[in-house]
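Open the model in your viewer and keep the sequence panel beside it. This tour tells you what to select at each stop and what is there.

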Amino acid sequence: MNRSLRPLFATATIFALAYVLAVIQFPTMFSTRVFGNFLTDNAFLGVAAVGMTFVILSGGIDLSVGAVIGFTTVLIAVLVMWAGLHPLVAFAIALAVAALFGAAMGAAIHYLRVPSFIVTLAGMFLARGAASVLSPDSIGIKHGFYTAVSKSYILMPGGGRLTVIGLIMLTVFAFGILLAHRTRFGSCVYALGGSETSAALMGVPVARTTVLIYTLSSTLAGLAGVVFSLYTSAGYSLSALGVELDAIAAVVIGGTLLTGGYGLVAGTFIGVMLQGLVQTYIVFDGTLSSWWTKIVIGGLLFMFILLQRLVFTAAPRRRKLAWKT
Amino acid sequence: MQAAEGRPVLEARGIVKIFGQHTALGGVDFELKPGEVHALLGENGAGKSTLIKILTGAYQPDHGEMLLDGVPVSFRDPLQAQGHGIGTVYQEVNLLPNRSVAENLFLGRQPTRFGLIRRREIEARARRLLADYGLEIDVRADLSDYSVAVQQIVAIARAVELSGKVLVLDEPTASLDRNEVERLFDVVRKLKARGLGIVFITHFLGQVFELCDRVTILRNGRKIATQSLQGLSATDVVRMMLGKDVAFDHHPTGVADARRGAARVTFRNLGRKGSVAPVTLSVHEGEVVGVAGLLGSGRTEVARLMFGVDAADSGEILVDGTPVTIRNPAQAVAAGFGFCPEDRKIDGIFGELSVRENIIIALQAKLGWFRALNREDQVELAGRHAEALDIRAASPDMPVKLLSGGNQQKVILARWLAIDPSFLILDEPTRGIDVGAHAEIVRTINRLREDGLALFAISSELEEVVAYSNRVVVMRDREMVAELSGAAVAPDAIVQAIAETPAPEAQP
């Protein structure tokens, strides 16, 4: 099996096992209702995690994701409730702002040769600070559009609801998979993660790709903010605290190598779903503290990093080849 | 095997490149004809890699011009050179280990439909392309799944596809086995027949004679000769490469008079697979054993094995007749070994630290964390050694990076002398220092020998080796092939031993 597939295979197996065990204990967990809630409750995390996947594949990290989500929710609330704009217009503005923000971070990372860790850490403080300046308090959003969105869903067999935001996440994942695996941009992202020197020598436009990667990540964080805004019908500067870390966890658990170059967007989806499964289990159980989610995720993360070490430090198996004579 | 006739495809005239105060290339001419394999030879510091970097656009020359097909060109970066038809394949393959073979071949020019890459198309084309190179492999597998030889050929295929006029092969065979080298040579010959001009850089003389039509030899930033290999012998080539540039005092009497003390260290069958064939050697008190051989012959590798930088997988080490275990440098230091590595800027000197700190650091490491040397001891120690070796620094608290190369080298020597070693390994002790300091280092080595130290000194400069060695061992193709002593320690004899044509690659 391809080396980059092995961690993903492990994640998928663990997810399947965990789900089966959970279903044995709580048979009602096996239903489209629960599945629909999985998607809805983790939609914002999933959308942000797709962007994070690209960043990590390229060998970088984006710590500003949670702050950008928080900022976006506040910006949308302010534009809708105070400026009276239609939510769709507010969404467009918020996405544009997030995209610019990401482009600026990408440019700083490439042209100033500052590690992405530092630049996005600064970005995190900036976005969180700007959100608090806009409004330190939570702003509730009351608008016909929000009500309409929350009422529309696709009814799945078995009574499960595929909500608009669940659908957004699935679309973003489909888009991410195509972008990563079937476009030149995707190839360039993997190339950067493999070896920046080689990539440059092979003609990868390093500057443009770097800027685009962080633009993509911030735009998707902005979209995650839109989803979060629809999910909670509110804007709050302290919302989505630490979501960047959940996203990193989902990406790594999904089999992407933290040092870049190896991984699949589809893996991140399983990573997100695994986190959702743990949360849902805790809800079903009812006696466990929700902090157990963090503990389980921590354990899984540790296990996966160990697993990746094993897979990638093991001597590569040399393929057989035929020399034609 | 004859040089193709006709107009050169690539020509460089009067190339000058200066780094700071060091002239890496002082007006070098180079000419490559289509359909020839042209070897570029030279020892470390000869300017070989600088010239290659200029030809391939990684550096820009300070003076001189380059002509491609008779038209003057200048390259901003390797990418532009590639676009003009000059492709390069490096020893460490500059491809993407994490991507498939097909993707590595087509990255940056994948055929797309509606913005989506046509993967099947790429794979089919990659298969067809590699078939031309005699390779049938699964092109969907990661590049890192394959051996270096296959990766090299993929890199060559990509370079030829993208460039197609000139192919520069920078030590492509360094990590290949004999069979793989054969395969690579077949590919090179095919490309030659297609009319490509190929520049071939290697340390293996046998391969030069086997594959190449002409040779250009560089030494100390100057071109020594460009000649057809027909009618040249290996000895001629080695002589031109090593030459005789530096003249300084000989100490033949000192060397001859040195009485052999007891064997200080003995290495029995010390070796490491894929690195150095087992070496057996004793070094006595008051003796310098010199090591001669071309770059890449395994000189440095032997030193690294002795000092435990690389773990040996065979053999044993005896110090004063007692077996010791040396699997890492700390154990080597504990056994009384010292090691001045080849590239002092990378491996030796802590540029930001002061002269004093650089001198005491090995002793401190030997003493351990909990027995810190106090300030007075440090000052005394540093002062004593600085004086003994005549280190010229304004103050012992001056950062080492501000000193000249010769003085830096002496600081490293002082560092090891501070631990009072019984056996000292010097790898290229005079690299990159000026002629005056050069002679002084040689004098210092001679004095250390007279003081009873056992030394193992590696050098590319034959005159230098002769000046301080009691015995000389010669390395070739990662093997110790000769040991010269007494009157045989002379430049001519050493050249002869280095050049003695390697067995299977022998050329008429």
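Two residues are in contact if their C-beta atoms, placed from the backbone, lie within 7 Å. Keep in mind that this is a predicted model.

**Stop 1: where the chains meet**

Show both chains. On one side, 29 residues of chain B are in contact with 29 residues of chain A. Now select α2 (78-84), β8 (116-117) and β9 (135-136) of chain B; each supplies at least two residues of the side that touches chain A. Colour that side of chain B by class: you get 13 nonpolar, nine polar and seven charged residues. For the complex, the predictor gives an ipTM of 0.85 and a pTM of 0.77.

**Stop 2: a helix pair in chain A**

Two packed helices are described by the angle between their axes and the distance between the axes. Select residues 87-111 of chain A, helix α5, and residues 206-232 of chain A, helix α11. What is the angle at which α5 and α11 of chain A pack? It is about 145°, and their axes are 7 Å apart. The crossing of α5(A) and α11(A) is right-handed. Their contact holds 18 nonpolar residues, 10 polar ones and no charged ones.

**Stop 3: the domains of chain B**

Colour chain B by domain. Domain 1 covers 10-241, domain 2 covers 244-336 + 421-503, and domain 3 covers 349-419. Zoom in on domains 2 and 3 of chain B: 12 residues of domain 2 are in contact with 11 residues of domain 3. On the domain 2 side, α11 (329-334) and α16 (435-450) of chain B each supply at least two residues. Which of the elements gives the most to this side? α16(B) does, with four residues. By class, the domain 2 side divides into eight nonpolar, two polar and two charged residues.

**Stop 4: V291(B)**

Select V291(B), found in strand β16 (residues 287-292) of chain B. Is V291(B) buried or exposed? V291(B) has 27 other C-beta atoms within 10 Å, so it is buried, the cut-off being 20 or more. Beyond four places in sequence, V291(B) is in contact with R299(B), F456(B), A457(B), I458(B), V473(B) and M475(B). Next, pick R99(B), which is 192 residues from V291(B) along the chain; their C-alpha atoms are separated by 42 Å.

**Stop 5**

Select α1(B). Six of its eight residues are buried, so α1(B) is largely enclosed by the rest of the structure. The buried ones are K48(B), T50(B), L51(B), I52(B), I54(B) and L55(B). Just after α1(B), G57(B) takes a positive phi of about 90°.

Step on to Y59(B), in the loop between α1 (48-55) and β4 (63-68) of chain B. Y59(B) is partly exposed, with 19 other C-beta atoms within 10 Å. Not counting residues up to four places away in sequence, Y59(B) touches K17(B), T50(B), K53(B) and I54(B).

**Stop 6: confidence**

Last, colour chain B by pLDDT. Chain B averages 83, and 91% of the residues score at least 70. Select residues 245-254 of chain B: pLDDT stays under 50 there, and the model has 16 contacts beyond four places in sequence for this stretch. Then select residues 502-508 of chain B, where pLDDT also stays under 50 and the model has 10 such contacts. Where pLDDT is low, the predicted coordinates should not be read in detail.

Technical notes. Residues numbered from 1 in each chain as written. Chains lettered and ligands numbered in written order. Predicted model: local features only at pLDDT ≥ 70, side-chain atom pairs only at ≥ 80, totals over all residues. Nonpolar A, V, L, I, M, F, W, Y, C, P; charged D, E, K, R; others polar. Axes fitted to C-alpha atoms, helices over the stretch in contact; angles between N-to-C directions. Left-handed = near helix turned anticlockwise from the far one by under 90°. Domains from an automatic or database assignment. Buried ≥ 20, exposed ≤ 12 C-beta atoms within 10 Å, placed from the backbone. pLDDT = per-residue confidence, 0-100.
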